[in-house]
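Okay, everyone, thanks for coming. Let me put the structure up and walk you through a few spots in it.

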Amino acid sequence: MSDERANEGRVDPRDLLLRTDWNAVEHCCPEVAPATPVMLLELLDDDPAVQGWAFRALVEAHTRQQVFYTATAPAARFVAAVLGDPRTLAPVTDRVAQEEVEFGPQAPFLLRAGLLTWLGDSVVEAIAQRERPYGEAEDLEAFLDLAPEFHAAALPFLDAGSAEVRAAALGLVLAVLRLPALADRIPGHQDRVRATALREGPHRLRAVDTLASWGEEVSHLL
């Protein structure tokens, strides 16, 4: 493969990081965990072991115990922007050594699928917390304000790539379609959401919840 072909779709993460004043935001554990830009750059490292560690650090530091922080929204925006980078197709694991001893080896997963899943699960959690957030409401709302960007980032993977990535992209789309800001996107996804709600699969109940958020009758699906 030529260098040009290998670099197709790659982004310059440092340019993306310049969007944010990282000194003005924090994750949960600034005294013990690396700064957010360090984690984000390491997501695109050439070593899958480093990428897996960075993914775990990202999740734990920015949505720890379902709390959203000032750094959560800009970190998520970066993640959405780099999903198409081929470096996110690395197979990674995110267990530490002690967990490997306790639970055994972890099957690798594609980093892209892990990142899509993190965004989707975080959107669902943020919606659930809106009336009584665990942290600061403005940090949660700043994250949800990015829903149109999350939707745009997931679209290319709904029908392309591995089944693992397609499923994770679907989970994110189902989550953001519950938000009023995405109401104009609903017509383009109605058939897919209804089909997901009717068949067994990991996202069936999420699809049912999405239909319910649109005001549709779903009692026959439960």
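So, where does His203 lie? His203 is in the loop that runs between α11, residues 190–198, and α12, residues 204–213. Keep in mind as we go that this is a predicted model.

Next one: is His203 buried or exposed? It has 16% relative accessibility, and the cut-off for buried is under 20%, so His203 counts as buried. Its side chain gets to the backbone oxygen of Ala167, at 2.9 Å. If you skip residues up to four places away in sequence, His203 touches Ala167, Leu170, Gly171, Leu174 and Thr196.

Now step over to Val193, which sits in helix α11. Val193 is buried as well, with a relative accessible area of 2%. And what is Val193 in contact with, leaving aside neighbours within four places in sequence? That would be Leu174, Leu177, Ala207, Thr210, Leu211 and Trp214. You'll notice Leu174 turns up for Val193 and also for His203. As for Leu205, it's 12 residues from Val193 along the chain, and their C-alpha atoms are separated by 11 Å.

Last stop, a pair of helices. Two packed helices get described by the angle between their axes and the distance between those axes. Here we've got α3, residues 36–43, and α5, residues 72–82, with axes that come within 11 Å and cross at roughly 15 degrees. Therefore α3 and α5 are roughly parallel to each other, and their crossing is right-handed. On the α3 side you have Thr36, Leu40 and Leu43, meeting Ala75, Phe78 and Val79 of α5. By class, that contact has five nonpolar residues, one polar and no charged ones.

Terms used
Residues are numbered from 1 along each chain as its sequence is written. This is a predicted model: local features need pLDDT of at least 70, side-chain atom pairs count only at pLDDT 80 or more; totals for chains, interfaces and linings use all residues. Side-chain values use heavy atoms; hydrogens and water are left out. Axes are lines fitted to C-alpha atoms, for helices over the stretch in contact, and angles run from 0 to 180 degrees between N-to-C directions. Helices (H or I, at least four residues) and strands (E, at least two) are DSSP runs, numbered from the N terminus. Angles under 35 degrees count as roughly parallel, over 145 as roughly antiparallel, 65 to 115 as roughly perpendicular and the rest as oblique. A crossing is left-handed if the near helix is turned anticlockwise from the far one by less than a right angle, and right-handed if clockwise. Contact means heavy atoms within 4.5 Å. Ala, Val, Leu, Ile, Met, Phe, Trp, Tyr, Cys and Pro count as nonpolar, Asp, Glu, Lys and Arg as charged, and the others, Gly among them, as polar. Buried means under 20% relative accessible area, exposed over 50%, partly exposed in between (1.4 Å probe, protein chains only). A polar contact is a pair of N or O atoms within 3.5 Å; within protein, one must be able to donate a hydrogen and the other to accept it, and residues adjacent in sequence count only if both atoms are side-chain atoms.
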